[in-house]
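Let's take a walk through this structure together. Keep the picture in view as you read, and we'll go one piece at a time.

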Amino acid sequence: MSELIKHISDPVLEIKDLSVSYNKDKPAVSEVSAGIKRNKVTAIMGPSGCGKSTLLRAINRMHDLYPNIKIEGDIFLNGEDTSDLSTIMLRRKIGMVFQRPNPFPTMSIHDNVIAGYKLNGIRLSKSDRNDIVEKSLRDVALWDEVKDSLTKRGTFLSGGQQQRLCIARALAFRPDVILLDEPTSALDPVATKKVEELLVQLKEDYTILLVTHNMSQAARISDFSMFMYLGELIEYGKTKDMFVKPVDKRTEEYLTGKFS
Amino acid sequence: MALRIRNQRQDFPGLSRRLAKDRLFKGGVFFLSMVTISPIVLIIYKLVSNGYRQINFDFFSKKAPDTYEAMVAVGAGEIIPGGILNGITGTLFMVLIASVMAIPLGLLIGIFLYDQKTKRYAGLVRDLVDILQGVPSIVLGLIAYFWVVKTITHGFSALAGSTALAIMMLPLIIRSTEETLKMIPETIREAGYALGVPYHKIILRVLIPSGFSGLATGILLAISRVIGETAPLMLTALGSMEVNLNIAKPTSAVPLLIWEFYNDPNMVDLIWSSSLFLMMIVLLLNLLSKQLIAKRT
């Protein structure tokens with residue numbers, strides 16, 4: 001496992017000895033170290049409660065919201081310690097997409113895409129605004145479906161479209177990394193397929209880190225996979241290698257469905 | 001359909017008894033619901049049948065008559081001249097001032113309680129707000145009398161009445177604000193955080209717009225709650241025969257006029273029409289807030 005971290009040169013993200021605990025007794029994530037390769041899809045797998053979402057949310061410091069969560073260790077973004085960045089800057093560089101689509105219910109589709117700019121009080125000229133909206137929506141293959149209804153509410157779209165809208169909202173800042181927390185678990189198979197195809201395309205411009213409880217999804221779209229169990233990173237390697245020949249016995253048991 | 005039930009009856013012994021029980025239960029629920037709604041129907045019937053004669057243009061555009069005018073009219077078998085303009089303007093005026101005082105403060109405290117959910121101080125504030133909601137309105141009238149009538153306006157005044165009403169509105173607005181914000185899914189909040197939006201902007205630009213209809217509903221219900229209050233106004237605004245829009249002067253209000261009409265044997269008909277008017281306003285506010293709730297869901 002640690003060998004592979006050395007193989008990754010110029011990682012976008014570097015996680016070093018990261019531990020996150022919700023209470024004193026037991027850390028939800030304990031001493032995880034890993035480098036995330038640029039322009040690849042990396043999947044984090046593991047049974048429920050293994051700490052995969054907790055790990056993901058530590059990366060853009062969502063845990064800052066809850067003062068009783070304790071975090072140790074460091075995360076570097078392009079070599080820069082993320083704790084030195086303001087959360088505003090950090091979250092502009094690391095976008096996030098959630099399990100359930102969560103467009104802002106009072107905003108139009110157009111405003112949802114540039115919500116990050118609007119809510120942060122960043123002024124843009126009208127043509128810039130329209131360019132960002134069009135580019136982001138094209139990136140998520142939603143432009144042709146919604147270009148005539150940009151002024152309608154985002155919640156008016158179907159679940160799959162809403163989730164792609166949320167991805168577009170995360171893309172609008174042109175981030176380095178996109179974190180996705182089980183982005184397809186609330187979607188039907190057709191919408192899931194669209195989002196998966198989209199993620200494979202997006203890795204040309206972005207680095208994608210995806211939490212999934214769906215092994216076949218990880219196998220389909222990820223280049224690298226992490227397997228977590230009880231808060232520890234058990235195995236991390238190329239997805240192909242891991243699925244063909246897992247090193248750790250627990251990984252093998254998980255992948256063969258001995259537990260889930 | 002009937003055929004199928006008959007077949008089932010053969011298959012399940014005791015089914016007909018169960019169906020009979022079901023009918024009995026349905027009938028009981030229907031009867032009790034009728035009992036529940038009958039008072040409101042009777043109230044509206046009484047108000048309309050006794051009050052409609054006095055409702056005319058003058059009712060909304062003229063001040064309350066004096067007892068002599070009313071006596072002459074009643075003696076001649078005519079409708080009582082004049083209206084309740086001084087009451088309507090007084091009520092609107094005082095509710096407006098009370099709203100200006102209570103709405104911003106109530107929203108802010110509600111946001112504070114939502115924001116600080118788990119903090120001990122917020123818990124204390126929440127308990128005190130609940131207690132405030134239970135304080136009898138006449139006691140609030142007394143308090144407003146000592147705070148405003150004796151020390152600020154040195155006499156009965158619209159300001160004192162508004163203060164009493166504002167204190168009554170506060171807990172209603174605070175709790176409805178808190179509950180509305182609580183109902184907005186956490187995921188919407190997180191969407192804002194994930195974009196690096198500062199906390200105060202998430203509240204102002206995301207949560208409040210998302211919960212707007214809920215907040216408006218709370219405010220409307222608070223207004224409809226205080227618009228018919230009489231006791232605190234007796235000790236503070238006192239009442240007036242004139243249309244008054246000076247916050248330092250005594251002011252009339254529709255419920256105060258009803259009380260005055262009640263004490264004057266010549267004005268009995270005006271009691272009913274004024275009550276009808278008040279009832280309709282409250283009904284309207286309630287329907288409006290129901291509409292807002294329906295829109296939200």
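This is a predicted model: local features need pLDDT of at least 70, side-chain atom pairs count only at pLDDT 80 or more; totals for chains, interfaces and linings use all residues.

Take the contacts in chain A with a separation of 6 or more: 69% of them involve residues 24 or more positions apart. As for secondary structure, chain A has 12 helices and 10 strands. How does its radius of gyration sit beside that of a compact globule? For 260 residues such a globule would come in near 18 Å, and chain A has 18 Å, so the two agree. Along the principal axes, the C-alpha atoms of chain A fill a box of roughly 55 × 40 × 35 Å. Buried residues account for 47% of the 260 residues in the chain.

While we're in chain A, have a look at Ala141(A). You'll find it in the loop between helix H6 (126–139) and helix H7 (143–146) of chain A. Here's some background on backbone angles: most residues other than glycine have a negative phi. The phi of Ala141(A), though, is near 55°, a positive value in a residue other than glycine. Is Ala141(A) buried, exposed or partly exposed? A residue is buried with 20 or more other C-beta atoms within 10 Å of its own, exposed with 12 or fewer, and partly exposed in between. Ala141(A) has 16 other C-beta atoms within 10 Å, so it is partly exposed.

Now to the place where the chains touch. The contact takes 18 residues from chain A and 15 residues from chain B. On the chain A side, the elements giving two or more residues are helix H3 (87–93) and helix H5 (115–119). H3(A) supplies the largest share of that side, with four residues. By class, the chain A side splits into nine nonpolar, six polar and three charged residues.

What does the radius of gyration say about chain B? The value is 26 Å, well over the 19 Å that the globule rule gives for 297 residues, so chain B is more spread out than a compact globule. Its C-alpha atoms fill a box of roughly 80 × 60 × 30 Å along the principal axes. Buried residues make up 38% of the 297 residues here. Among contacts in chain B between residues at least 6 apart in sequence, 72% join residues at least 24 apart.

Let's see how some of those helices pack. Two packed helices are described by the angle between their axes and the distance between the axes. Take helix H7 (residues 137–149) and helix H8 (residues 158–183) of chain B: they pack at about 135°, with axes 8 Å apart. That angle makes H7(B) oblique to H8(B), and the crossing is right-handed. Among the H7(B) residues that meet H8(B) are Leu140(B), Ala144(B) and Trp147(B), while the H8(B) residues include Leu159(B), Thr163(B) and Ile167(B). The residues of this contact divide into 11 nonpolar, three polar and no charged.

The loop between H7 and H8 of chain B holds His154(B). His154(B) has a positive phi of about 50° although it is not a glycine. With 10 other C-beta atoms within 10 Å, His154(B) counts as exposed.

H8(B) has another partner to look at, helix H11 (residues 212–226) of chain B. The axes of H8(B) and H11(B) come within 8 Å and cross at roughly 155°. Angles over 145 degrees count as roughly antiparallel, so that is how H8(B) lies relative to H11(B). This crossing is right-handed. Leu165(B), Leu172(B) and Ser176(B) are among the residues H8(B) contributes, and Leu215(B), Ile219(B) and Arg225(B) are among those from H11(B). By class, the contact of H8(B) with H11(B) has 11 nonpolar, six polar and one charged residues.

One last stop is Leu204(B), which lies in helix H10 (residues 199–210) of chain B. Leu204(B) has 13 other C-beta atoms within 10 Å, so it is partly exposed. The C-alpha atoms of Leu204(B) and Tyr193(B) are separated by 13 Å, and the two residues are 11 apart along the chain.

Key:
Residues are numbered from 1 along each chain as its sequence is written. Chains are lettered from A and ligands numbered from 1 in the order in which they are written. The radius of gyration is taken over C-alpha atoms; the globule rule is 2.2 Å times the number of residues to the power 0.38. Two residues are in contact if their C-beta atoms, placed from the backbone, lie within 7 Å. Ala, Val, Leu, Ile, Met, Phe, Trp, Tyr, Cys and Pro count as nonpolar, Asp, Glu, Lys and Arg as charged, and the others, Gly among them, as polar. Axes are lines fitted to C-alpha atoms, for helices over the stretch in contact, and angles run from 0 to 180 degrees between N-to-C directions. Angles under 35 degrees count as roughly parallel, over 145 as roughly antiparallel, 65 to 115 as roughly perpendicular and the rest as oblique. A crossing is left-handed if the near helix is turned anticlockwise from the far one by less than a right angle, and right-handed if clockwise.
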